[in-house]
Every structure is written in C-alpha cells, then in structure tokens.
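Subject: Structure handover

Hi,

Here is the structure I promised to pass on. Have a look at it first, and my notes on what turned up follow below.

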Amino acid sequence: MDGATQKGDDAVKIQTLIVSDLHISESEPVNKKRPLWKRYKQQDFFFDEDLISCVKFVENKPSIDGQTVKTELILNGDTFDFDSVTQTPSNGEKPVSMGQRKWGLGTQEWMSIYKIERIIDEHRWWLQQLGAFIQRGNSIVFIIGNHDLELHWPSVQELIVSAMELPEEYRDGVRFCSWFYLSGGDTFITHGHQLDAMCSVRDPVNPFVQLRGKAAVRLPFGEHASRCMLNTMGYFNPHATKNYIMSSREYLRFFTNYMIKTQPLIVLTWFTGAVATFAKTIVHHMLPPMRDPLFVEEKTEVIAANANVTPAQVRRLAAACTPPAAANPIKILRELWLDRALLIIFSLLFGIQFILALNMVWAISPWWALGPTILLSPVVFIYAHSVHSGVFAGPLLSKKAAKLLSTVTGVKRIVLGHNHVPECSKLDDVEYLNSGFWSPAYSEPECINRIGTPTFVWIGETENKNRRTATLWRWPEGALEPVPFTEE
C-alpha cells in the first residue's frame, strides 16, 4: 500500500500513523554496585505494550462515512538503536577487538546481525504484534534513521520480517526506506538526520564503505560519539540532550552527585572516548562509498520505488542533504571538548620545555612547569565559555529547507522526528510536524521525572473527502486513548 486514498465506491481509505525515535534496544542488567548505571535501559522502561495499544486505537478508529479504513504505520527512524547495543559474542565465538568489547560492535554485516538478534530476543512479542497488524490488512514502513543505519543490510531486514511471523503473502506489507517516504501523495516523511550536520551521512544512496577489507555501514559523527562516549558513561541519558550537553559547572555538579564514588576516572574515560570518536569519524567520512557502476541506476530506482517517488527526486533529495560536520574537523574537536583539552596539554608541554631549557643554566624545581598552565588557564576558561555546542543549536527544519523539500516532492506537508521535540507549525506555506519520541528520556539518572510524553502524528480523513489532515497527539503511559498535543 502506498498510503493514497483509492477512488471508487468500494475504495479502501488509508490513514497514516507516524511514530519516531523509539530507540528499541537490548535491556541493561541491574548492576548492584551501580544501580543507576543506564537505568533508562532496564526492562521496566520498555514501552512495547503502550505502543501496540496506540497502534490498535488508531487502527480501530471508525471512518467518518463508514467505509473500510486501513492503517499505514510509519516507523520514522531510530526505531532500533544499534548504537546502544553493547553485548558482544563470547570469547572465541567471533573475532572481537578490545575496543569493540568496550564500545560495542562495529557495522560489518555479521555484527549488525548479532545486534538485531539481541534486540529481537527481548522484543519478540512487539514484532509479532506488528505482524498481526499487517495480517489484518494494514502496512508498515521502516524509514532508516541515524541510530538504525544498520538496517541497510538486507539480512538485518529479513530477520526483522521473519520475527513478525508473516505468511509469505503478507510480506509485501512491510517496506524499508533509505531515509524518506512519500505518503498518500500529500506528506513527505523523513527522520531528519540528513538535515542535521552532526548526524548527516555523506552519501545516503550508497551507505556502505570498506573498512580493513570488509564492507561496513558508514557512521556519522553523532553515532561514533554515542558508541565511544555515551556507552561508557552510563549515568548520562542519551535520549535527553540536556543530560550530556552541559556547562562546565553543570558537569562538575553531575560528577559530584553521581560519579565521584563509582566512576572517579570519568575524565580519562571521556578523553579516550573523545579521541576514538574523532578518529573514527574522520576515517568513516573520508572513505569512498562502495558503488557498483553496473547497478547505480538500479539502486536509485529501488530507493524511489520503496519511497513512492521518482529516481530524479531521489537524486535531488540526496543533493539537498546537509553536509556532515566531519567535513570540518575543527568543529568536531570543539564539539568533543578536545580543543580545550589540547590547549591545556599544550600549555603544560610548553611549561615543561621551558623548565628543561632553563635548567641548563639555572637549577629550578620541576613544579615551575605548571606556571604557564596556570597563567594560561584564564585564557582557556574564557575560550571554553565562548564555544557553544552545535547539537540542535538551531531549528531542525528551516524555512529554506522546507521550501526546497516541498518543491522537490510537490507536497505541502513535511513530517520529521530526530530531535525529540514534538511540533506542529507553519513554515510559510508548508505544514511542518515533528512526531516527537517514545524513548525513555528522564531528567536525572534515577529516571523519576520523564521529559515529555510519547507523541505521534495521525493523518486521516476529514469531512472534506478530497483532503487528509494531520494532527499531533500524546499517548500517556498506560493510556487507553490519546490526548491532543499541547505544549507542556
């Protein structure tokens, strides 16, 4: 099904339900020594039942004129969170490096298969319910986001479909889209990471690169940071930006409250993770995409067919993507705070070199090497306060980008996810909605105060049968029905 309303007396109407940023992953076992470590990933925060209840509510909503209505469920990116899967095969089962045991597996095909199998093991019921949803005559579209880029592997897609336990005749009810989808001829849906420099992929049409002779999925800066930094700093909630983008004073207070006893060497953890993030980001960005010249057009045609657009539109949408931040290494250094660390290291090395030179003519205590570092500390402090994070520093969708996407696709409605900020607004003559998120975001490691409520976009018929309308809704935990979205 393509989401379009069919014509004729016996036409089947199509309504569209859009949810994004589920971030479904493996569960985190309870650590008795560190009970708050990745508390947000523990099984009691799984929302599988709530999401199925939401889907069933929308599915069973009666049509205005009594005609049959089928539901198109759009899982708009970051449905699965491959970045946060940290389990690795047991020793000897597969070749796993020390870094992979620390930060999680890479993106080679067998690694992605291993990760999706771990996710399926803990969310099999949810996938079976999606399979039953399809067998009732509905359809599901998976749009690939930045945290589930490993869905590009056909073998990973097959494992997901198999877990739905679909008879062969219903398998056409599932499709996977590279980064966008056109629903009903009236709505352009994309996760939004291709509009964000921190998470934008260099070539979304050709997502694979060759690492050490093996095919792998290219990852952007944001995903390397998630794997090499957030996976080893389990008190920070990756679903809430303000949990890991803080001022120096806030970081100090957070360290004192949560880490001073259980993770006192957090600075070393941060530094090694930041260096690894920077190195991996630059390597991934510079590698040429894997392309088969004999199938360049065929690949574009497949992407176009899955997304209900033309090959020409695919090429234009690829050209409209935001250039990755990795194209500017200085920007990455600043985002990781490595520029400030390098300034401190440079001042310390300068002091040591100065003392060594001075010692040749006059004996002096080595502690004087700290002098330049202390003298330069106000400069470092002032510089640190002048640099601000670029993560969601501006609107995800600008008026200029909205107009461009509208021109390319020919529609006046755009739905995004990605930044976890539900929104319903107008950008000139383009209707813009952000479906928000479902992942467990909390204000503190104890996971007491949830940030926001799960939200979704519902596109359906109105009294005007020639036009579908889109609305934004909330689904409170344990709810039986949604409530209209209002700003909290």
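**Helix against helix**

Let's start with a helix pair: Phe221, His224, Ala225 and Cys228 of α5 meet Gly273, Ala276, Thr277, Lys280, Thr281 and His284 of α7, where contact means heavy atoms within 4.5 Å. Before going further, please keep in mind that this is a predicted model, in which local features need pLDDT of at least 70 and side-chain atom pairs count only at pLDDT 80 or more, while totals for chains, interfaces and linings use all residues. Residues are numbered from 1 along each chain as its sequence is written, and side-chain values use heavy atoms, with hydrogens and water left out. As for the names, helices (H or I, at least four residues) and strands (E, at least two) are DSSP runs, numbered from the N terminus.

Back to that pair: α5 covers residues 221–228 and α7 covers residues 266–286, and their axes come within 9 Å and cross at roughly 150°. Axes here are lines fitted to C-alpha atoms, for helices over the stretch in contact, and angles run from 0 to 180 degrees between N-to-C directions. α5 passes α7 in a right-handed crossing (right-handed if the near helix is turned clockwise from the far one by less than a right angle, left-handed if anticlockwise). The contact residues split into four nonpolar, five polar and one charged. For that count, Ala, Val, Leu, Ile, Met, Phe, Trp, Tyr, Cys and Pro are nonpolar, Asp, Glu, Lys and Arg are charged, and the others, Gly among them, are polar.

Next come α8 (residues 296–307) and α9, packed at an angle of about 95° with axes 8 Å apart. That makes α8 roughly perpendicular to α9 (65 to 115 degrees; under 35 is roughly parallel, over 145 roughly antiparallel, and the rest oblique). On the α8 side you'll find Glu297, Thr300, Glu301, Ile303 and Ala304, which meet Pro311, Val314 and Arg315 in α9. Sorted by type, this contact has four nonpolar residues, one polar and three charged.

α9 (residues 311–319) also packs with α13 (residues 399–409), at an angle of about 170° and with the axes 10 Å apart. So α9 is roughly antiparallel to α13. The crossing of α9 past α13 is right-handed. Gln313, Arg316 and Leu317 of α9 make the contact with Leu405, Val408 and Thr409 of α13; three of these residues are nonpolar, two polar and one charged.

**The sheets**

β3 (residues 139–143) pairs with β4 in the parallel sense over four bridges, and Val141 has Arg175 in β4 as its bridge partner.

Another open sheet has five strands, ordered β5-β6-β9-β11-β10, and its pairing is mixed. Here β5 (180–183) and β10 (423–427) are the edge strands with a single partner each, so one side of each is left without a neighbour in the sheet. From one strand to the next, the twist averages 20°. Inside this sheet, β6 (residues 187–190) and β9 (residues 413–416) pair in the parallel sense over two bridges, with Ile414 in β9 as the bridge partner of Phe188.

**Two loop residues to look at**

Most residues other than glycine have a negative phi. Glu165 has a positive phi of about 55° although it is not a glycine, and it lies in the loop between α4 (154–163) and β4. His418, in the loop between β9 and β10, has a positive phi too, near 75°.

**The whole protein**

Altogether there are 13 helices and 14 strands. The radius of gyration is 24 Å, close to the 23 Å that the globule rule gives for 488 residues, so the protein is as compact as a globular protein of that length. That radius is taken over C-alpha atoms, and the rule is 2.2 Å times the number of residues to the power 0.38. Along the principal axes, the C-alpha atoms fill a box of roughly 100 × 50 × 50 Å.

Cheers

How values were computed: Two strands pair if DSSP finds at least two bridges between them.
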